[in-house]
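Colleague: I am new to this structure and would like to go through it in short questions. Please show it first.

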Amino acid sequence: MSRIGKNPIVVPDGVTVEVTEGLVSVKGKLGQLTQEFSEIAIKVEEGQVIVERHTDHKDHRAKHGLYRSLINNMIIGVSSGFSKELELVGVGYRASNQGQKLDLALGFSHNIVLEVAKEVTLETISEKGKNPIVKLTSFDKQLLGQIAAKIRGFRKPEPYKGKGVKFVGEVLRRKAGKSA
């Protein structure tokens with residue numbers, strides 16, 4: 001049996017989980033999320049969500065742990081939320097925001113302007129002598145990761161000097177330059 005899938009999910013106070021035909025809906029203080037599911041049985045009993053599979057078919061085994069993790073992330077998201085921080089490493093790299101528009105200067109001829117989804121809270125931190133930081137906060141883990149990956153994809157960190165957009169705390173594999 002799936003080690004992840006067999007663990008019950010504890011539902012904290014202030015979070016409601018509703019299971020209808022093929023749809024799980026989680027509502028909390030930060031927002032509401034829904035997820036479609038198939039071939040898996042999901043039950044809500046005594047403040048816990050239990051995910052069960054009908055057979056040991058390969059497809060059922062694969063989806064057992066997946067749906068358990070997705071529902072757990074939904075519950076954590078609507079109760080406490082998720083956050084990611086990206087650091088801009090490089091001379092002249094800047095970030096600023098006005099509302100949901102992120103303006104990035106990453107060494108190209110023009111600035112990159114990205115319209116961020118309304119579910120994600122955007123904040124830019126620029127301190128003198130430190131690299132600019134873009135802080136993203138949301139209750140939807142999938143959307144947050146997708147937006148963070150898109151921002152990082154504008155200029156990925158290169159292995160020689162480490163310049164580019166990287167996650168805070170990310171360890172980059174560095175290469176030695178030319179040996180004279």
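Modeller: A definition first: two strands pair if DSSP finds at least two bridges between them. The model is predicted.

Colleague: Which residue of strand 10 stands opposite Leu-104?

Modeller: Strand 9 covers residues 101–105 and pairs with strand 10 in the antiparallel sense over 4 bridges. Strand 10 runs over residues 112–115 and has a covered face, made of Ile-112 and Leu-114. The residue opposite Leu-104 is Ile-112.

Colleague: Which residue takes a positive phi in the hairpin of strand 9 and strand 10?

Modeller: This hairpin has 6 residues between the strands. The phi in question is near 90 degrees, and the residue is Gly-107.

Colleague: What residue of strand 9 does Gln-98 stand opposite?

Modeller: Strand 8, residues 94–98, and strand 9 pair in the antiparallel sense over 5 bridges. They form a hairpin with 2 residues between them, and Gly-99 in the turn has a positive phi of about 70 degrees. Opposite Gln-98 stands Lys-101.

Colleague: Is Ile-40 buried or exposed?

Modeller: Ile-40 lies in strand 5, residues 40–45. Among the residues that Ile-40 touches are Val-51, Arg-53, His-60 and Tyr-67. The cut-off for buried is under 20% relative accessible area. Ile-40 has 5%, so the word for Ile-40 is buried.

Colleague: How far apart in space are Ile-40 and Gly-22?

Modeller: In sequence, 18 residues separate Ile-40 and Gly-22. Taken from C-alpha to C-alpha, the distance in space is 9.1 Å.

Colleague: Is Glu-46 buried or exposed?

Modeller: Glu-46 lies in the loop between strand 5 and strand 6, and its phi is near 50 degrees, a positive value in a residue other than glycine. The relative accessible area of Glu-46 is 82%, and exposed means over 50%, so Glu-46 is exposed.

Colleague: What does Glu-39 count as, at 35% relative accessibility?

Modeller: Glu-39 lies in the loop between strand 4 and strand 5. Its phi is positive too, near 65 degrees. A value of 35% falls between the 20% and 50% cut-offs, so Glu-39 counts as partly exposed.

Colleague: How far apart are the end C-alpha atoms of helix 1?

Modeller: Helix 1 has 22 residues, and at 1.5 Å a residue they should span 32 Å. Helix 1 is followed by Gly-81, whose phi is positive, near 85 degrees.

Colleague: Which element gives the largest share of the lining of the largest pocket?

Modeller: About 200 Å³ of space lies in this pocket. The elements that give two or more residues to its lining are strand 4 (32–36), helix 1 (58–79) and helix 2 (141–154). The lining residues divide into 4 nonpolar, 5 polar and 2 charged. The largest share is 4 residues, and it comes from strand 4.

Notes: Residues numbered from 1 in each chain as written. Predicted model: local features only at pLDDT ≥ 70, side-chain atom pairs only at ≥ 80, totals over all residues. Heavy atoms only, no water. 1 Å grid on protein atoms, 1.4 Å probe; cavity = no way out; pocket = protein on both sides within 12 Å on 5 of 7 lines; lining within 4 Å. Points joined across faces, edges and corners; volume = space filled by probe spheres on them. Nonpolar A, V, L, I, M, F, W, Y, C, P; charged D, E, K, R; others polar. Expected span 1.5 Å × (residues − 1). Buried < 20%, exposed > 50% of the residue type's maximum accessible area, 1.4 Å probe, protein only. Contact = heavy atoms within 4.5 Å. Lists of a residue's contacts leave out its neighbours within four places in sequence.
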